4 protein chains.
Amino acid sequence: MSKRIQQAMADLVLANHILSNEGVLDAFGHVSVRNPDNPDHFFLSRSLSPQWVQEQDIMEFDFDGDEVSATGFSPYKERILHAKIYAARPDVQAVCHHHAASLIPFSTTGVEVRPICHIGGMFYEGVPVYDDYDVSDGMLIVNPREGERIARTLGNKRGMLLRGHGAIVVGEDIRRTVMASIYLAKNAEIQYRALQLGTPRYLSYEEGRAAAETMFSENPLERAWTYWRQRAWAARGEADSSRVPV
Amino acid sequence: MSKRIQQAMADLVLANHILSNEGVLDAFGHVSVRNPDNPDHFFLSRSLSPQWVQEQDIMEFDFDGDEVSATGFSPYKERILHAKIYAARPDVQAVCHHHAASLIPFSTTGVEVRPICHIGGMFYEGVPVYDDYDVSDGMLIVNPREGERIARTLGNKRGMLLRGHGAIVVGEDIRRTVMASIYLAKNAEIQYRALQLGTPRYLSYEEGRAAAETMFSENPLERAWTYWRQRAWAARGEADSSRVPV
Amino acid sequence: MSKRIQQAMADLVLANHILSNEGVLDAFGHVSVRNPDNPDHFFLSRSLSPQWVQEQDIMEFDFDGDEVSATGFSPYKERILHAKIYAARPDVQAVCHHHAASLIPFSTTGVEVRPICHIGGMFYEGVPVYDDYDVSDGMLIVNPREGERIARTLGNKRGMLLRGHGAIVVGEDIRRTVMASIYLAKNAEIQYRALQLGTPRYLSYEEGRAAAETMFSENPLERAWTYWRQRAWAARGEADSSRVPV
Amino acid sequence: MSKRIQQAMADLVLANHILSNEGVLDAFGHVSVRNPDNPDHFFLSRSLSPQWVQEQDIMEFDFDGDEVSATGFSPYKERILHAKIYAARPDVQAVCHHHAASLIPFSTTGVEVRPICHIGGMFYEGVPVYDDYDVSDGMLIVNPREGERIARTLGNKRGMLLRGHGAIVVGEDIRRTVMASIYLAKNAEIQYRALQLGTPRYLSYEEGRAAAETMFSENPLERAWTYWRQRAWAARGEADSSRVPV
C-alpha cells in the first residue's frame, strides 16, 4: 500500500467517525474517497454504520460499482451513486451521501437551499434537487441508470439534495467534503429559521465564492478538522478533549 | 421456556432499552410482544419505566388484559390497549405505545402525518387519529371498550395517533415495530419543518410501499437494530460504542 | 428535627437536583417547601445554583421573607415570592420559580398556555400571566407588595407566567410540584408546535381535570419521580442508570 | 507579570472554555481582554479552537493588530476586529466574536434583536447590524478599514450582529462579556419563538436598563459565572459537577 493510499484510508476512517459524531451520518449514509493511485477506483466501507468503520472494513470499487478488492464483504447497495459521480466528475476526490434532517424539508418543498452565512458560502453555485426516482427501488439509488441521472443532476456543483431522502456532497479532498457536508446541514438549519422570520438576504455569488475560498484555505480547514477529530475521539474515549491536540 | 420465547424476551428487553435511549419512551410508554408459542397471550413488563425493564419484570397477559403468569407484579394500566390490538390483528406480533413529542402536535390539529421521506415510507397506508375518549378516564386507555375502539381506529394500519396523548405503532415483529416507532417520530419532525417552509411533496403510495419494503429488508433492519442496540448499551455502560459490534 | 422535616429536606434537595437535570432550573430559579411542622414557615436554599443544593444549604423563612433559622447565609432575593404565596395559599406545600425557555414566548405574546396533552391536563384551570412589575426592580420579585400582587395573580391556580421572565408552579407537595413544573414546560413546547401547524384542539376542562387526577395518582407520580431521580443521580455519578432502582 | 495580568489571563482562559462549553463558540470565534496594565494592548489566543486555549497560547497585540509579545505563534486573522474596538471604546475591557446559530437568522432578515426577557435586558440600547463588507474578504473582518467600520457600527452599544456571519459582544470586564454573549444568543432563541406565536411585548428601555443592572450586580454575576465554570470543568473532567463549588 502506497503512502498516499495509507493516508486516504486513515482520513476515510476518520471522516466516518467525524460525520457520525457531528450527527450528519447515523446508522445509514456513507462517505468514500477516490483511490489516489488509480483514479478509476474508489474506497468505501463495507455495509456498516459509519461510526464503526475501521481500515479493515474498506473495500475498493470500480465505476460499475463492482468490487476490485477481494474482501468478499457485503457492500453498501447505494455504492453506484459514488461510482457514477467519480466517473462523471474527475475533479471530485471524495463523496458523502447522508440524510441530515435539516435538509430534507427543503428537498420536498421546492424551497432552494442557499448560502445564508459564511460557512454556507461554499454552495454559492447552487444546490440542485434530484426527483427522478425509479419508484420501485424505494428511493434508494441502486441501479446504474439512476446513478447516472444523479450525476447529471449534480452537474458541476458541490452538493445536491434527493427529494424526500437526503443529500450528496462532493469535494476536492476528504477534508473539504467533510466540512461541506457539516456546513450544508448547518446552513439549512439557519436558513429555515431565517425563512420563518422574514425574507433573508442571502450571500451574493461573489460573497459566497470569497467565503468558500476563505473557509477552504488551509488554516480554517485544519482548525475545523482538528476540532471535529478531537470531538470524535473524545466521544469514543480515544482522546482527552480538554487538552490542546498535538 | 422455549427457545422462541427466550428470544422474544431478550428482544423485548432490548426494545425497551432502545426506545428509551432514542427518546421515544421516557418514564412512560410501553412495548409488548405476542407469545410466539401461544398467539392468544402477550408479554409486557410490569409497571416500570422502560429503561429498567429486565426479563424478570415481564408478565404474560391474555386478551382481557388479565395476567396469566403468576408474578403478582403491578401491571401497566393501559395493557388493555395491547390486548385488544392483539385480539383484532392476528398479523401483529409487537405493539408499542409512546408519547413522542413530535407527534402530539399533529394529533391535535387535524394535520395528517404523512410519509415525507424514505424512512417514513412505511406509513404509506396512513396514520389514523383516535379521538373518542371516555373523558372520565383522563385520556388513558384503561377499559375494554376503549381498547376495542382503539383497535377499530387502527384498522389494518401500521400506526395511529391518540389525540393529545401519543401514538401506537404495531408490526410483524419487534424489530420492525421498534424501527417504525422511531421513524414515525422522525418523519413527523421533518414533516413539521417542511410544513413551515411550504407545501411538501409527500411520498406517493407506491413510493411509500417500495421504501417500506427496502427499509424492512434484512440488511437495513439489521444495521439499524445493531446501531440502536450499541448506542443503548453504550449509554448504559454495557458496550464500547467505538468498536465494531460482533 | 422531626421525621417529617427530615423527609421534606431530603425531598427538597432532590427536587433541586431533578429540576436542574431536566433543564427547568439552571444557574437560577428555586424551589421551596412549607415547614410540615409549622405552616407559617418554609424551607428554601441559600443563594446557590440548584444543582449544588444540599441539606446544609437550606434556610427557614417566615412570610415576611425573614430568616427564622440562624445560618447567616445569603438568601435568594426573590424569596418574598415564595413567602407571599405560602401566606395566601394554605393549600400549597411547595413552590417552584423557574425560567424554562419554552414558556417565555407565551408570556410575552398574549397567547395563553393551555393543556394540549394529557401531561399538561393538570393546568386545566388556566395559567394567568403577571405583568404588573415595579419597573425599577429589573423584573425581579423582591418587595413585599410585588410578592402580594404575584400571589393575587396566581389566585387559586396551579401555575402562572411572569411576562418576559419565567413561571411559578405550586402544588400540594414537592413531588406534584416537580411534576407540574416539568410538564408545564413540556406542554408549552408541544403547544408551540401545534400552533405552528394549525388550530389545536385543547383538552376540555373535564378532560384536563381527569388527566390531572390520573397523572397525580400514586402510581404515575411515583414512577415519574423515580425516573427523574435516577436520571439526576446518574448525571451526578451517584447511581447506575441501567439498573432497576430499589 | 502583575497580579492583575495573571487574573486577566486566568479569566480569559476560563472564558474560552465556558463559551465553548455553552455552545457560543465552536471551532471558531474568539474572546479577548484588554491588558489591565497597558490599555493600548490586548490579550488574545493564538489561532486555536477556544476549548483548547491555555495561558501559554495567549498573545499580546496593539491597536494595529500587530503582536507586541514575542511568541511567533500564528494569530487569528480577525484580531483587527478586537483591535479597532479597543481603540474606539476605552470603556470596553473584553470583546467576544462568535457565530451562535440563533442570532444569524436575525442578521439576514432585518428583524431587530430586542430584549424579550430579563436576561436579554442588557441589550436595551439596541443591537445594530453590520452589512458593509469588503466582498473579496469572504465576510471575514481582516483589514483595518473594515475593523474601523465595525467599531463605528457598534458605536456605544453592548453588542452587534454581522450579516450572515455572527455577533460581537463587548463589556466592562470578561465576566459581563461572557454573560452577555450567552444571554444574547438565548434571548434570540426566545424572541424567535415569540415571533412565531404573535407580536411580542418587548422590555421597555427602562425595564431593560433595570434588568441589566440586576443581572450585572455581583450576586447573579458570580452565581452564573460559577455555574458555567463548574459545567465547563465537569465537561473537561476537571471538576465534580455534583459538589458545591468552593
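## Helices, sheet and chain contacts

In chain A, helices α1(A) and α5(A) are roughly parallel to each other, because angles under 35 degrees count as roughly parallel and the axes of these two helices cross at roughly 10 degrees. The model is a predicted one. Helix α1 of chain A covers residues 3-21, helix α5 of chain A covers residues 174-197, and their axes come within 10 Å. On the side of α1(A), the residues in contact are A:D11, A:L12, A:A15, A:I18 and A:L19; they meet A:I174, A:V178 and A:S181 in α5(A). Sorted by class, this contact has six nonpolar residues, one polar residue and one charged residue.

Chain C illustrates the sheet. Strands of a sheet pair through backbone hydrogen bonds, either parallel or antiparallel. In chain C, seven strands form an open sheet with mixed pairing, and their order is β3-β2-β1-β4-β7-β6-β5. The edges are formed by β3 (58-61) and β5 (129-130) of chain C, each of which pairs on one side only. Helix α2 of chain C, residues 79-88, packs on this sheet and touches β1 (30-34), β2 (42-45), β3, β4 (94-98) and β7 of chain C. The direction of α2 makes about 160 degrees with that of β2(C). Within the sheet, strands β6 (residues 159-162) and β7 (residues 166-171) of chain C run antiparallel and are joined by four bridges. One residue pair can be named here: C:M160 has C:I168 in β7(C) as its bridge partner.

The chains also touch one another. The contact between chains C and B takes 29 residues from chain C and 28 residues from chain B, while the contact between chains D and C takes 28 residues from chain D and 29 residues from chain C. The table gives the classes of residues on one side of each contact.

| Side | Nonpolar | Polar | Charged |
|---|---|---|---|
| Chain C, touching chain B | 13 nonpolar residues | nine polar residues | seven charged residues |
| Chain D, touching chain C | 13 nonpolar residues | eight polar residues | seven charged residues |

On the side of chain D that touches chain C, α5 (174-197), α6 (205-215) and α7 (218-235) of chain D each supply at least two residues.

How is chain D related to chain C? A rotation of 90 degrees with 0.0 Å of shift along its axis superposes chain D on chain C, with an RMSD of 0.0 Å. The two copies are thus related as by a four-fold rotation axis. In chain D, the C-alpha nearest the axis belongs to D:Q196 and lies 5.3 Å from it. Only 4% of the interface residues of chain D are also interface residues in chain C, so the copies meet through different surfaces.

Key: Residues are numbered from 1 along each chain as its sequence is written. Chains are lettered from A and ligands numbered from 1 in the order in which they are written. This is a predicted model: local features need pLDDT of at least 70, side-chain atom pairs count only at pLDDT 80 or more; totals for chains, interfaces and linings use all residues. Two strands pair if DSSP finds at least two bridges between them. Two residues are in contact if their C-beta atoms, placed from the backbone, lie within 7 Å. Axes are lines fitted to C-alpha atoms, for helices over the stretch in contact, and angles run from 0 to 180 degrees between N-to-C directions. Angles under 35 degrees count as roughly parallel, over 145 as roughly antiparallel, 65 to 115 as roughly perpendicular and the rest as oblique. Ala, Val, Leu, Ile, Met, Phe, Trp, Tyr, Cys and Pro count as nonpolar, Asp, Glu, Lys and Arg as charged, and the others, Gly among them, as polar. Copies are superposed by least squares on the C-alpha atoms of residues with pLDDT of at least 70 in both.
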